[in-house]
Amino acid sequence: MAQEERLVLDHFTYDDAWELGSMLVKMARERQAPVAIDIRRGGQQLFHAALPGSTPDNDAWIDRKRRVVERYGCASFLVGARFRAKGTTFEESSRLDPDTYAAHGGAFPIAVRGAGVIGTVVVSGLPQAEDHAMVVEALERFKGVGGR
């Protein structure tokens with residue numbers, strides 16, 4: 001929750017989506033990370049990239065993780081951790097279809113001050129903690145540029 005509070009943006013435009021997505025692509029290329037990246041605002045996909053080594057399965061994971069953020073309003077990694085902290089798993093206890101929802105790291109809410117969660121940024125292709133960390137690092141860099 002602390003990450004979500006710290007990474008609230010002042011605005012998020014089409015150009016911001018391009019900049020954040022391009023930043024994630026650059027980071028992934030530097031690390032030779034076989035990931036797919038997706039950024040949405042509301043129901044509209046504003047950015048998508050699939051890097052070498054990613055597969056169509058990564059797009060399916062993106063959709064499943066994104067739906068968790070849309071439903072719970074916080075990072076997919078945090079949702080999964082909350083279930084584990086209760087001694088269970090998301091799949092066992094959420095009563096949601098695991099073919100539709102996945103509480104695995106890599107999906108993060110895009111929140112705008114005064115508006116709340118308006119979209120998602122998702123990375124898929126690495127172990128879940130690394131997917132999550134890449135998104136958080138990119139949002140930290142993005143927010144640091146121009147004081148968004």
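Which residues of E3 are buried on one side and which on the other? Select strand E3, residues 107-112: Ala107, Pro109 and Ala111 are buried on one side, and Phe108, Ile110 and Val112 on the other. Buried means under 20% relative accessible area, exposed over 50%, and partly exposed in between (1.4 Å probe, protein chains only). Helices (H or I, at least four residues) and strands (E, at least two) are DSSP runs, numbered from the N terminus.

The model is predicted, with local features requiring pLDDT of at least 70 and side-chain atom pairs pLDDT 80 or more, while totals for chains, interfaces and linings use all residues. Residues are numbered from 1 along each chain as its sequence is written, and side-chain values use heavy atoms, leaving out hydrogens and water.

Ala111 stands opposite Val117 of E4. In the turn of this hairpin, Gly114 has a positive phi of about 85°.

Now select Phe12 and Phe142, an edge-to-face pair with 6.2 Å between centres and 65° between planes. Rings of Phe, Tyr and Trp (its six-membered ring) pair if their centres lie within 6.5 Å; planes under 30 degrees apart count as stacked, over 60 as edge-to-face and the rest as tilted. Phe12 lies in the loop between helices H1 and H2 and Phe142 in helix H6, so the pair ties together parts 130 residues apart in sequence. Both residues are buried.

Finally, select Tyr72, Phe83 and Phe90, a cluster linked by ring pairs.

How values were computed: Pairing = 2+ DSSP bridges.
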